[in-house]
Amino acid sequence: MANDTASTTAAPRRGRAAAAAPAATAAPAPPPDPREAVAPLLDPRHRRTVAHLHALAASPPQVVLAEGGTAAERMALALYWAALLNCESPEDIPDDARPCLSCPSCVRMAGGGHRDLVVLDGNKPSAEEGSFSIENVRALRGLLGEPPREGRRRVVVLVDAHTRVEAANGLLKSLEEPRPTTCFVLLAPQRERLLPTLVSRSFVLTLAWPTDALPPSPAVRDWLDALVEFIQTGGGWMERTSRKGDLDAPLAAAVVLHCQRALADVLAGRAADPLGRLLAERMDPARLRRCDEALAAAQEALSLSPSPVNPALVMDWLATRLFLGVR
């Protein structure tokens, strides 16, 4: 145990969350309920995806890419897959009864505390422990040279890998030398956000897209209609954004979010929104990828803390990129 503790200072964090050292008199916290951790994946909408996971378990691919769904559903898929590959239930139980979610391995995998589960999050700052940074990827490559510590397979989960291109390039070097006891899980909203070289090495599973998205508010709808008009004609947009007080950061972020949903519908082949139909008609896959990157950059700029970039400037930049993207 002492050696394992020391190694965590040089390697990425195991599991999903840091655990503060308890006081001497504090009772240990009960482990998370594994059924709650994987529950988002067990929605009937994802029945086919779960069946695919069970079919793959007999001969697991080195890299599984999970796209679609929500962030919680993608993470639930990663934990379910990790538990399925390491479930300690008896050999004679039916395959569809795995993962049992009650054996010690399932409990620790789904709870994020297993020694063979590594989660790197692209949404964390690079200096933070557990981030998908180039430093942690380098440390991870050293860990991958070791056999699993207590399970049959080590599972490495990369959350929103598209946010760290340099680290993703570093990861490719690890994938050039397949290790039969290590499985990677890449999580991303759409495969188009990832490096094509990563996608080409992955078995892609597409979760059912969210169906409960609320329609845009009248204010957001008004801005979306203006954006469609600008993309088509090049007129009217700058006059709107130049009016002081008409566009604040929350409203701009809501517009960007609905643009991202429209793009997701295009990628799923169901472009019903006016913006989605326009993108589907005028953009090829390469342009859709650039559109996705522009939307992600705008979203990041609008969420900067303590204060975002001027929302009108962000939206002018985004509108210009979309205008040029359809030409």
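Mentor: Glu73 counts as buried, at 8% relative accessibility; buried means under 20% relative accessible area, exposed over 50%, and partly exposed in between (1.4 Å probe, protein chains only). The model is a predicted one, in which local features need pLDDT of at least 70 and side-chain atom pairs count only at pLDDT 80 or more, while totals for chains, interfaces and linings use all residues. Residues are numbered from 1 along each chain as its sequence is written, and side-chain values use heavy atoms, with hydrogens and water left out.

The side chain of Glu73 meets that of Arg45 in a salt bridge, at 2.9 Å from N to O; the term requires a side-chain nitrogen of Lys or Arg within 4 Å of a carboxyl oxygen of Asp or Glu. Glu73 belongs to helix α4 (residues 71-86) and Arg45 to the loop between α2 (34-38) and α3 (47-56), so the bridge ties together parts 28 residues apart in sequence. Helices here are DSSP runs (H or I, at least four residues), as are strands (E, at least two), numbered from the N terminus. Arg45 is partly exposed, at 30%.

A second pair is Asp116 and Arg154, whose closest N and O atoms are 4.0 Å apart. Asp116 is buried, with a relative accessible area of 0%, and Arg154 is buried, also with 0%.

In helix α9 (residues 218-233), Arg221 and Asp225 lie four residues apart, about one turn of the helix. Salt bridges with shared partners join Arg221, Asp225 and Asp273 into one network. The whole structure holds nine salt bridges.
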